[in-house]
Amino acid sequence: MNKLQLVFLMLIFNSVSGQNLTLKDLKIEPFYPEPEKPINLLYDLDEVSKYSNEDINSNFSNFNDLDFLQSIPKDNKVVMLGETHYAKNILFLRNRIFFGLNSNDYYPLIIIENPYSITAFYNHYIHLKNNKEAKDFLDNELSGFLYTEDDLNFLDDLREWNKRNKEKQLSIGGNDLEFTYDVIVDKILRPYFYQLNKIDKTEIDKIIELGIDQENDFFVKIVPYLLQAKKENLIGKYPFITPQYIENVIKNYSSTNNAFRYSFEYYRQMAIIRNISDENFHGKFLEDYKIMIHGGGKHMKNHFEFPDNANFLSEGSYFNHNFDLTKNKTFSIMIECLAYVYDEMSNRKIEDCIPQGSQYTRMIKTFQKGFSNNLIDENQPYFFYEKKNELLKLISQFYYQNKSISFSKQIWNNMKNLGFFDESAEQFFESKDENFNYYDKYIIVPASKITTARLKS
């Protein structure tokens, strides 16, 4: 190896090992600093709706700034909240919107983008009145099914509401696939079928192992045991673990299996629609009451129709255009976070946490890499998916006021048509235009602390 080759290899090694690493290498940008005085280049800021980024308070009363909630219940059976994931401030807004709706009206069920099976455990927890019983259930059963500290905080708020409001009980459900199917098969299905009369547990174990290994034979061989459970009307360790619940979990796992094997988006969306509308899942709630659905932004665009009868690809499209009970009776809110703060996750390694989604894991690993190379301030926001521009600079100042903002479509279009902004801002306008066309309301969260993954027990 000659000297030139050695130098070249050293340069590669230094780059890989993180020496001379920059934020540009990490493909993120620092947030704008707090302005010395308010930036007001184009219009009267009083014309922009501003919402607090505080979480719901202990009295469930701090939602007076959400004045748009007043008119929603009259004509809308379903409120849909779409989001960009992993932002605490979005969750705080979600919480205030949900409790605000239930203070003015009654939307007794919130459906979240979590696996169907585990949210039944969430729902059981929030209806437990005894504090010791609730703590025991949390420690012994629920803890392993909670992904973030923010999930638990919301459940505790729901539980507190239910303790105070006997006539307005709230529930929570999930509409998504069984992504941790191996845990579900082992921790939910195995102990349930062990309770059958005169059962050979070794046979149950063989079938459960097929399920853990995602073998198609599982769905055939479990059927006789499910029929026996129905005949015995077998109730599991907790009262919600009924034959119908177990059948639903198996159906949802079958949908998960089909999604992983064949066509992920098709089978996932078919399952999500079923989990919301089928009376054996959450459909009875939907038939009898108003509900709120919370999930990713693309799921909630209710003013968009897919070609070729494919509206099932979005809950918003399907329930606003195809489902008779909710047709033209939906209100959608899109909340988008533009930048993220490392915050509490700077003290936790992602490897020590309960497994998270792939996007979240990538973001945290990027933060970790920057933090370990002294490039990241854990208390400051960073842009992951946005390019800096003059409009972002204008929006960013609201972060320092602890506010999120909502432009009317008219103001947005007026700003866009001024021709004041640079090319990057014009691209930003273009990328956000659809939010004014596909949703009833668009809220921008300038920046937020990232959600806190829970540590493995």
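Student: How many cavities of 30 Å³ or more does the count come to?
Tutor: The model is predicted: local features need pLDDT of at least 70, side-chain atom pairs count only at pLDDT 80 or more, and totals for chains, interfaces and linings use all residues. Residues are numbered from 1 along each chain as its sequence is written, and side-chain values use heavy atoms, leaving out hydrogens and water. On a 1 Å grid over the protein atoms alone, a cavity is a set of points where a 1.4 Å probe fits but cannot get out, with points joined across faces, edges and corners and the volume being the space filled by probe spheres set on them. With a threshold of 30 Å³ or more, the count is one cavity.

Student: Which helix gives the largest share of the lining of the largest cavity?
Tutor: Lining residues have an atom within 4 Å of a point, and here they are Ile126, His127, Leu128, Lys129, Arg159, Asn162, Lys163 and Gln169. Helices (H or I, at least four residues) and strands (E, at least two) are DSSP runs numbered from the N terminus. The largest share, three residues, comes from helix H7 (residues 149-164).

Student: What is the volume of the largest pocket?
Tutor: A pocket is an open set of points with protein on both sides within 12 Å along at least five of seven lines. The largest pocket is lined by 34 residues, and His85, Tyr86, Glu113, Asn114 and Gly357 lie nearest its centre. Its volume is about 950 Å³.

Student: Which element gives the most to the lining of the second largest pocket?
Tutor: This pocket holds about 400 Å³ of space. Of its 19 lining residues, Tyr116, Ala120, Asn123, Phe281 and His282 are the closest to its centre. With five residues, the element that gives the most is H5.

Student: Which residues of helix H11 (residues 223-232) are buried?
Tutor: Buried means under 20% relative accessible area, exposed over 50%, and partly exposed in between (1.4 Å probe, protein chains only). The face of H11 turned away from its buried side carries the exposed residues Leu227 and Lys231. The buried residues of H11 are Tyr225, Leu226 and Ala229.

Student: Within what arc do the buried residues of H11 fall, seen down the axis?
Tutor: The buried residues of H11, Tyr225, Leu226 and Ala229, line one face of the helix. The arc is that of the directions from the helix axis to the C-beta atoms. Seen down the axis of H11, they fall within an arc of 100°.

Student: Is the pair of phenylalanine 31 and tyrosine 399 edge-to-face or stacked?
Tutor: Rings of Phe, Tyr and Trp (its six-membered ring) pair if their centres lie within 6.5 Å; planes under 30 degrees apart count as stacked, over 60 as edge-to-face and the rest as tilted. A search of the whole structure finds 49 aromatic pairs. In this one the ring centres are 5.4 Å apart and the planes stand at 70°, so the pair is edge-to-face.

Student: How many residues apart in sequence are the parts that phenylalanine 31 and tyrosine 399 tie together?
Tutor: Phenylalanine 31 lies in the loop between strand S1 (29-30) and strand S2 (49-52). Tyrosine 399 lies in the loop between helix H17 (390-396) and strand S10 (403-406), so the pair ties together parts whose separation in sequence, in residues, is 368.
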